[in-house]
Amino acid sequence: MRHDALVIGGSFAGLSAAMQLARARRAVCVVDAGEPRNRFAAAAHGFFGLDGVPPLELMAQARAKLLAYPNVHFVQGRAAGAAADAAGGFTVTLDDGARLSAKKLLLAFGIADTLPALDGLRERWGRSVLHCPYCHGYEVGGGPLGVLYASPLSVHQAMLIPDWGPTTFFLDGHDGELDDATRAKLLGRGVTLEPARVVGVAGEAPHLTGVRLADGRVVPVDALFIATRTRMASPLAEQLGCAFDEGMLGPVIRTDTSKLTTVPGVYAAGDAGQVPQNATLASADGLVAGVSLHQALIHGL
């Protein structure tokens, strides 16, 4: 079967895009590997009308509503390869060797976080080691909080966190990268600057009780925020020849306002194709991409 559209990724962006195409009575197939970026979080926060619902539950509900449309096909699997085909569309190869084809392709596979090489971070990721204070700050706030220096953007993060609790900025040996003006702003926000190297974290995972320093001290914190570097969660955009821009923390697929990439017929939505990145924005981005892709089908673009 040749679909009108193949959507790679069944999280907030992909499902939102597929819903627009389904309601336009187009044949759409969603391919999902089941590894959304926010799968580590116990709850999604700030999402309109659904604050506090686990993200996997939100996705399951959205998938069930989408599959109520008879023109939707859902494939559980990983897209391993993609290329333009002789019919003017695209063929996607799954990791089990199966092939799917469509007139248009929508990339909504998201991004993955690259955590600093410190023992204990991964077991706590999404619970007490966090990225976004707007997503999780309220739940961990009130007590001592930490920010780990991971990039120059960590300074911006350290300026934000004091609104959620007393904040220590763990510079991890990067003390010399703060100029006097930046240091003054941080101190003005009540941030404690800790220059020592960080060697680990304390507490029984997924909980966190402190940050271990190279000099033997343990600084108490209830949660640690890290502005992680990110990477594409799939190689498909690179395989297809899509152009990338450098985002705040990693590469982002270049798109125009319709969410069309630099490759004709290939659209991108969600975290892989926008900055800033969160679930609400990904859902909205998917809506834009789905509508744009549908109209491109109508006009033969």
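Predicted model: local features only at pLDDT ≥ 70, side-chain atom pairs only at ≥ 80, totals over all residues.
Which glycine takes a positive phi in the hairpin of β4 and β5? Residues are numbered from 1 along each chain as its sequence is written, and side-chain values use heavy atoms, with hydrogens and water left out.

**View 1. The hairpin of β4 and β5.** Glycine 88 takes a positive phi near 90° in this hairpin, which has five residues between the strands. Strands here are DSSP runs of E with at least two residues, helices are runs of H or I with at least four residues, and both are numbered from the N terminus. Strand β4 (residues 79-84) pairs with β5 in the antiparallel sense over five bridges, where pairing requires that DSSP finds at least two bridges between two strands. Glycine 81 stands opposite threonine 93 in β5.

**View 2. Strand β5 and its pairing with β6.** In a regular strand the side chains alternate between the two faces of the sheet. Strand β5 (residues 90-94) has Phe90, Val92 and Leu94 on its covered face, whereas Thr91 and Thr93 lie on the uncovered one. β5 also pairs with strand β6 (residues 99-107), in the antiparallel sense over four bridges, and valine 92 stands opposite leucine 100 in β6. In the hairpin of β5 and β6, which has four residues between the strands, glycine 97 takes a positive phi near 95°.

**View 3. Lysine 259 in its loop.** Lysine 259 is found in the loop between β18 (251-253) and β19 (266-268). Lysine 259 counts as buried because its relative accessibility is 7%, buried being under 20% relative accessible area, exposed over 50% and partly exposed in between, with a 1.4 Å probe and protein chains only. Leaving aside neighbours within four places in sequence, lysine 259 is in contact (heavy atoms within 4.5 Å) with residues including Val266, Tyr267, Gln274 and Val288.

**View 4. The largest nonpolar core.** A nonpolar core is a set of buried Ala, Val, Leu, Ile, Met, Phe, Trp, Tyr and Cys residues joined through side-chain atoms within 4.5 Å. Of the 29 residues in the largest one, Val28, Leu66, Leu106 and Leu293 touch the most other members. Among the elements that give two or more residues to this core are β1 (2-8), α1 (12-23) and α8 (279-299), and α1 gives the most, with eight residues.
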